[in-house]
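This briefing is for a reader who meets the structure for the first time. Please look over the sequence and the model shown here before going on to the points that follow.

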Amino acid sequence: RQGDCRNWSFSNSYNQSIDSRLSWNVNAGYSGNLYSETEYQSDDRQYVNISTGLNYRASELLSYNTNVSVRHDMRSMGYNSDNLTVTIGFSRSLDPVSSCTGSLGLQTKQVHNDTILTPNLNLGYNRRVAEGLSVNSYLALSNENVDTYRGPNANYLSDVTWRLGANCSYTLSPDVSYTFGISVMRSSYSKGTGGLSKETNTNISPTIGMNYRFTQNLTGNINYQYTIYESERNNGGYEYTRHNVSMGLNYSF
């Protein structure tokens, strides 16, 4: 998307222990994306979600969890959707320097009088590679509702998306640290209305950044991201590249 984009996210969670091994939680959130350019406002969207789950600590190194979440996708143009996702998962410490998490479940997406069932998958692996250097990686699968409006009576109902990535952090000194990584997103659009054919989009984005602590409470950062995008359709596609430089400040109190 070109032009300015406003993104926001509010979330809150509550956790309560039942006994020494079992606990429950409830989470709620509200987020959204609004684009300034008129031609892209067709992808303006908001999300409201709530979830609840149980966590069982089997040992000091291993815990299991189950979660039920409900999300309502509100689009300015196109079709809203209601999503119910049920997952079971785990979290395990492998050794003093590494850990992994995972969950598997089923997502029910109701959109435009259609019900779509999609597997839901989340995997994560974290490791401290060396002194000051850590890596975290992830793999996720879900049915989203992004960029599904393509014109009057032309909408995609299904947007099955894979997300794969790895992020590294290296601490050079107490005041200076570096980040670098890469993310890959592949979206498969189907169930098109208005004569839309299937479409697959691939987005690859390597990033690099630096964080500098000015004071105990104030930290600044600068980041660079390069994007390679490619769209594949039966009647042709398109591609582009993009450079993005951003700077920010973070104040904690």
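Contact means that heavy atoms lie within 4.5 Å. By that rule, Gly78 touches Tyr149 and Asn155, when residues up to four places away in sequence are not counted. The model is a predicted one.

**Overall build**

- From the N terminus on, the elements run β-β-β-β-β-β-β-β-β-β-β-β-β.
- The C-alpha trace spans about 55 × 45 × 30 Å along its principal axes.
- The protein has 253 residues, and buried residues make up 29% of them.
- Among contacts with a separation of 6 or more, 49% are between residues 24 or more positions apart.

**Surface and charge**

**Aromatic rings**

- Seven aromatic pairs turn up in a search of the whole structure.
- One aromatic cluster is formed by Tyr229, Tyr238 and Tyr240.
- The ring of Tyr189 has the charged end of Arg150 over it, at 5.1 Å from the ring centre.

**Loop residues with positive phi**

- Most residues other than glycine have a negative phi.
- His112 has a positive phi, near 50°. This residue lies in the loop between strand E6 (98–111) and strand E7 (114–130).
- The relative accessible area of His112 is 40%, so His112 is partly exposed.
- Asn153 also has a positive phi, near 65°. Its loop runs between strand E8 (133–143) and strand E9 (156–171).
- Asn153 counts as exposed because its relative accessibility is 62%, and the cut-off for exposed is over 50%.

**Gly78, a loop residue**

- Gly78 is found in the loop between strand E4 (62–75) and strand E5 (81–95).
- With 31% relative accessibility, Gly78 counts as partly exposed.
- Gly78 and Val146 are 68 residues apart in sequence. In space, their C-alpha atoms are 10 Å apart.

**Asp73, a buried strand residue**

- Asp73 is placed in strand E4.
- Is Asp73 buried or exposed? Its relative accessibility is 1%, so Asp73 counts as buried; the cut-off for buried is under 20%.
- The contacts of Asp73 are Gln46, Tyr47, Asn80, Ser81, Asn83 and Asn145, not counting residues up to four places away in sequence.
- One of these, Asn145, is 72 residues from Asp73 in sequence. The C-alpha atoms of Asp73 and Asn145 are 7.2 Å apart.

**Leu106, a strand residue**

- Leu106 sits in strand E6.
- Leu106 has 43% relative accessibility and therefore counts as partly exposed.
- Which residues are in contact with Leu106, leaving aside its neighbours within four places in sequence? They are Leu84, Thr85, Val86, Leu117, Thr118, Pro119 and Asn120.
- Leu106 and Leu196 are 90 residues apart along the chain, and their C-alpha atoms are separated by 26 Å.

**Arg186, a strand residue**

- Arg186 belongs to strand E10, which covers residues 176–192.
- A relative accessible area of 36% makes Arg186 partly exposed.
- Not counting residues up to four places away in sequence, Arg186 touches Val160, Thr161, Trp162, Thr200, Asn201, Thr202 and Glu232.
- How many residues lie between the positions of Arg186 and Asn203 along the chain, taken as their separation? The two are 17 residues apart, and 6.4 Å separates their C-alpha atoms.

Key
Residues are numbered from 1 along each chain as its sequence is written. This is a predicted model: local features need pLDDT of at least 70, side-chain atom pairs count only at pLDDT 80 or more; totals for chains, interfaces and linings use all residues. Side-chain values use heavy atoms; hydrogens and water are left out. Helices (H or I, at least four residues) and strands (E, at least two) are DSSP runs, numbered from the N terminus. Buried means under 20% relative accessible area, exposed over 50%, partly exposed in between (1.4 Å probe, protein chains only). Rings of Phe, Tyr and Trp (its six-membered ring) pair if their centres lie within 6.5 Å; planes under 30 degrees apart count as stacked, over 60 as edge-to-face and the rest as tilted. A charge sits over a ring if NZ of Lys or CZ of Arg is within 6 Å of the ring centre and within 35 degrees of the ring normal.
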